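Visitor: I would like to go through this model term by term. Please set each value against its cut-off.

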Amino acid sequence: YFPINLAEEIVRRKPEGLKFKESELWYLLFSLVTAKIDLRKHGERVGDIKPANVFIDHERRAKVVNIYSSSKETTAF
């Protein structure tokens with residue numbers, strides 16, 4: 001279960017002046033690149049991955065939602 005997306009996390013941190021740690025940023029970048037590589041295996045162009053499509057759980061793990069994991073998600077094309 002992933003209760004919050006990256007866009008909401010950015011908004012939540014902004015007023016408090018909280019910044020992402022370097023390790024968090026590297027983890028997010030790694031997760032996004034890995035997700036794009038995995039999606040290319042399907043032979044589909046899925047468009048951009050935006051913060052609203054990146055979900056974070058209570059243990060700070062990231063999950064990328066795409067057209068294969070959500071029937072309401074569409075590509076940017």
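**Terms and values**

Visitor: Why is S31 called buried?
Guide: S31 has a relative accessible area of 15%. Buried means under 20%, exposed over 50%, and partly exposed in between, with a 1.4 Å probe and protein chains only. Therefore S31 counts as buried.

Visitor: What kind of model is this, and how is it treated?
Guide: This is a predicted model; local features need pLDDT of at least 70, side-chain atom pairs count only at pLDDT 80 or more, and totals for chains, interfaces and linings use all residues. Residues are numbered from 1 along each chain as its sequence is written, and side-chain values use heavy atoms, with hydrogens and water left out.

Visitor: Where is S31, and what does S31 touch?
Guide: S31 sits in helix α2, residues 22–40. Leaving aside residues up to four places away in sequence, S31 touches A62 and V64. Contact means heavy atoms within 4.5 Å.

Visitor: What makes a run of residues a helix or a strand here?
Guide: Both are DSSP runs, numbered from the N terminus: helices are H or I with at least four residues, strands are E with at least two. The protein has two helices and three strands. From the N terminus, their order is β-α-α-β-β.

Visitor: How do you know that the span of α2 agrees with its number of residues?
Guide: The expected span is 1.5 Å times one less than the number of residues. For the 19 residues of α2 that gives 27 Å, and the end C-alpha atoms are 27 Å apart, so the two agree.

Visitor: Which residues of α2 are buried, and what makes them one face?
Guide: E24, L28, S31, A35 and L39 are the buried residues of α2. Down the helix axis they fall within an arc of 65°, so they line one face. The arc is taken from the directions from the helix axis to the C-beta atoms. An α-helix has 3.6 residues a turn, so residues three or four places apart point the same way. On the other side of α2, E22, S23, W26, F30 and R40 are exposed.

Visitor: What do the buried residues of α2 pack against?
Guide: They pack against α1 (6–16), β2 (54–56) and β3 (62–64). Helix α2 lies across β2 and β3, at about 30° to β3. Axes are lines fitted to C-alpha atoms, for helices over the stretch in contact; angles run from 0 to 180 degrees between N-to-C directions.

Visitor: What makes β2 and β3 a pair?
Guide: Two strands pair if DSSP finds at least two bridges between them. β2 and β3 have three bridges, in the antiparallel sense. F55 stands opposite K63 in β3.

Visitor: Why are β1 and β3 called edge strands?
Guide: The three strands form an open antiparallel sheet in the order β1-β2-β3. β1 (4–5) and β3 each pair on one side only.

Visitor: Which residues of α1 are buried, and how do you know that they share a side?
Guide: L6, E9 and R13 are the buried residues of α1. They cover an arc of only 55° around the axis, which puts them on the same side of α1. They pack against β1, α2 and β2. The face turned away carries the exposed residues V11, K14 and P15.

Visitor: Why is P3 called partly exposed?
Guide: P3 has a relative accessibility of 34%, so P3 counts as partly exposed. P3 is in the segment before β1. P3 and I56 are 53 residues apart in sequence, yet 6.7 Å apart in space, C-alpha to C-alpha.
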